[in-house]
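Subject: Handing over the structure

Hi,

Here is the structure I promised to pass on.

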There are 2 protein chains.
Amino acid sequence: MQVQAELIAIGTELLLGQIVDTNATYIAQQLNAIGLNLFYKTTVGDNAGRIKEVLERAHNRSQVVITTGGIGPTEDDLTREMVAEATGRKLVFQQHLMDQIEAIFRSRGFTSISPNNRKQAFIPEGAIPIENPVGTAPGFIVDDEKGVIISIPGVPSEMKYLMEKTVIPFLKKRFGLKGLIKSKVLKNSGIGESRIDHIIGDLIVNSSNPTVGLLAHVGQVDIRITAKAEDEATADRLIAEMEAKIRERLPNQIFGTDQDTLEGVVAEILKRQNKTLAVAESNTGGLIASKLSTTPEALSILKGCVTTLTEEAVVSLLGVPRELIREQGLASAGVAEEMASRIRSLTGASLGLGVAGILNWNEKQPPETPPTTFISIAGLGPQPVTEKYGMGGLASFVQTRIAMMSLEILRRKLINA
Amino acid sequence: MQVQAELIAIGTELLLGQIVDTNATYIAQQLNAIGLNLFYKTTVGDNAGRIKEVLERAHNRSQVVITTGGIGPTEDDLTREMVAEATGRKLVFQQHLMDQIEAIFRSRGFTSISPNNRKQAFIPEGAIPIENPVGTAPGFIVDDEKGVIISIPGVPSEMKYLMEKTVIPFLKKRFGLKGLIKSKVLKNSGIGESRIDHIIGDLIVNSSNPTVGLLAHVGQVDIRITAKAEDEATADRLIAEMEAKIRERLPNQIFGTDQDTLEGVVAEILKRQNKTLAVAESNTGGLIASKLSTTPEALSILKGCVTTLTEEAVVSLLGVPRELIREQGLASAGVAEEMASRIRSLTGASLGLGVAGILNWNEKQPPETPPTTFISIAGLGPQPVTEKYGMGGLASFVQTRIAMMSLEILRRKLINA
């Protein structure tokens, strides 16, 4: 039997756009790890009627309902009352919870407790209390024939502590959960989402365990393989089989997995091959340097970078002949090759990367044909190797896309892909 | 009559804990600005039955329903179909949407379109199409006797663009909304959140209209003033009065407002003062160049930048004497000044910015005393002016903080603050 779980976030502040709710992400990950799937997440304000309505529907359709927020001491904290109403119970005072709340206040240096805090020692009759040593709001679990409602605070640090210490162990025991979900992400750059969908669409549509899904970022597409299994070894095997199929169809596309970044992978390859790199970039505006600088290998592989947006800068910092630029244009294969060769010899790096394109800030009128950027690498052979890349759109995206494409071209050349 | 609004976020990835949903925050703010309150937010996976159920309930209880996500080209994008079903309509093909999708693909340099993308030109019969010039997924609005369902993409940049250009104007007209909430953000850099809280804490605690709130980012603290009023003029007056009080207490701190960025403000000042800039940076790894390159003034103010992480690079690209570095260290006032002066003379810029510090990737063992970075500006007077900045912590934060601090120091020197 598949246990259906859902999440209810309670608090008007969540609906006013004042805070970004990061709790859901954490709770979803924790539940996934024990094989529980979140089917719905509902956010509702501090309104008794709406909280009760949402709670009742959730309790009727899902065996596990987790609520966050609304269990503080103030008037608009209503979760406690509404869980009691939705499950037909009274609220009862728990002296041991009150003792704990008082102890917390004393440990924080308060000598008196606001009468409101007494409210936090009430929980629905028959509920299992969740003691909260890291805050003043205890949680509670109501367990009846429909399933469980687990109410914990919305403060992220308290929520995380109680999830780990109490909620997850309780759920594993209560529902005899052994199964688990494991995921692996295969990361791609230099290829669009719809192109990948075209190549592996049948695997996305026809696979149920593991499932395959796509997520597009600027300049990057992630393929996520998610397997459910009784044990880790089976999940790993299911993932490995699907990964092999996908890699067969995208032989050179996948640059890394899970926490890998494209710049991190490029830096590792350079380090492994004992190569160093210098970068001369124009319309990427320093983004390639900035990305590579955030890798742990930066100090040993990066021999220096220049950002030259204009003809003047290309001449003054790199010594590219002005006549060449006038003849071929700033965005040309000739200039990209000179940039790559010159930054390489200036710094003594084994490889030089030159990116020549024109920064276009006229976002209102995108050009008919996408402007071309030339990406050249010097030092791989006797002559620089150069590729073209046409890319238009919003300027901020264009910079990221071209920087990613440059790193991806470098990666492929380095591994001869 | 109060118009009730709700939001439905569609996508299994939102329930797996893979991404933090920041769209809700933005949409809630936008709706609040025109006096619409969000009563519910529901997140549901890519499952036809559940999407339809959630859509029907929302459409029955709320006059405004906004959905994000699920309108891409892939098989698991189901929003289009389910909105059609929930409102009893057929899907119809719209040639003008297809033309627009094809134009976007051409401008991005693709010569062929995947057949899947044709799906995106279908919308429910009678729906109002929302053209999407910044992405491939058009949105649509179904308007019937119960209210409106507005479906837009989940990609944040596209969602924001369409909210601003189409959805908000549509809602104002459709529901005759006049009441409004207005906000103004005062942006600060180079000063901590707790320090600002200390200076204007009484305004934060005691004000109800307008309210005053703080939001801290890496290297930046935003003060948000939010006023409610019947008309724009009253809201503007309430905000202006509070802004004057805050500016009196933070005379030189506030670098800009609302959509301003620190790099954008610095670029504008340089342009206004007819000055140009060249940058030589070490432990900021190209981030200063990259930030300045994203400003519309970049081509006219930025005369060239170098990123030199190592002694070798400082020598080879800038010609700083090796003895000076050996004597004073890479992170020293002397090296920062040489970097600033030399990048200035190499490029012929009116100002040179030199940032000298050591990249530290040993995140597990942060140093006892935060490492010092020296930030020097050449060209303001006969001698370079130099400031010190001690900053430790996670390396990725440190890069951003030092880049922001360097730009803030430059800003203050430029306006003599």
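This is a predicted model: local features need pLDDT of at least 70, side-chain atom pairs count only at pLDDT 80 or more; totals for chains, interfaces and linings use all residues.

Residues are numbered from 1 along each chain as its sequence is written, with chains lettered from A and ligands numbered from 1 in the order in which they are written.

The model has an ipTM of 0.73 and a pTM of 0.74.

Now for where the chains meet. On the chain B side, 61 residues are in contact with 66 residues of chain A (contact means C-beta atoms, placed from the backbone, within 7 Å). Strand 2 of chain B gives the largest share of that side, seven residues. Helices and strands here are DSSP runs, H or I of at least four residues and E of at least two, numbered from the N terminus. By class, the side of chain B that touches chain A has 25 nonpolar, 29 polar and seven charged residues. (Ala, Val, Leu, Ile, Met, Phe, Trp, Tyr, Cys and Pro count as nonpolar, Asp, Glu, Lys and Arg as charged, and the others, Gly among them, as polar.)

Strand 14 (residues 302-307) of chain A also pairs with strand 14 of chain B, antiparallel and over three bridges; pairing takes at least two DSSP bridges between the strands. Look for Cys305(A), whose bridge partner is Thr307(B).

Inside chain B, two helix pairs are worth a look. The axes of helix 2 (residues 48-61) and helix 3 (residues 79-86) of chain B come within 9 Å and cross at roughly 50°. That makes these two helices of chain B oblique to each other. Their contact includes Ile51(B) and Leu55(B) from helix 2 and Met82(B) from helix 3.

Helix 1 of chain B and helix 5 (residues 156-175) of chain B pack at about 15°, with axes 11 Å apart. They are therefore roughly parallel. Among the contact residues are Tyr26(B) of helix 1 and Met159(B) of helix 5.

For the angles, axes are lines fitted to C-alpha atoms, for helices over the stretch in contact, and angles run from 0 to 180 degrees between N-to-C directions. Under 35 degrees counts as roughly parallel, over 145 as roughly antiparallel, 65 to 115 as roughly perpendicular and the rest as oblique.

Cheers

Technical notes: Two residues are in contact if their C-beta atoms, placed from the backbone, lie within 7 Å.
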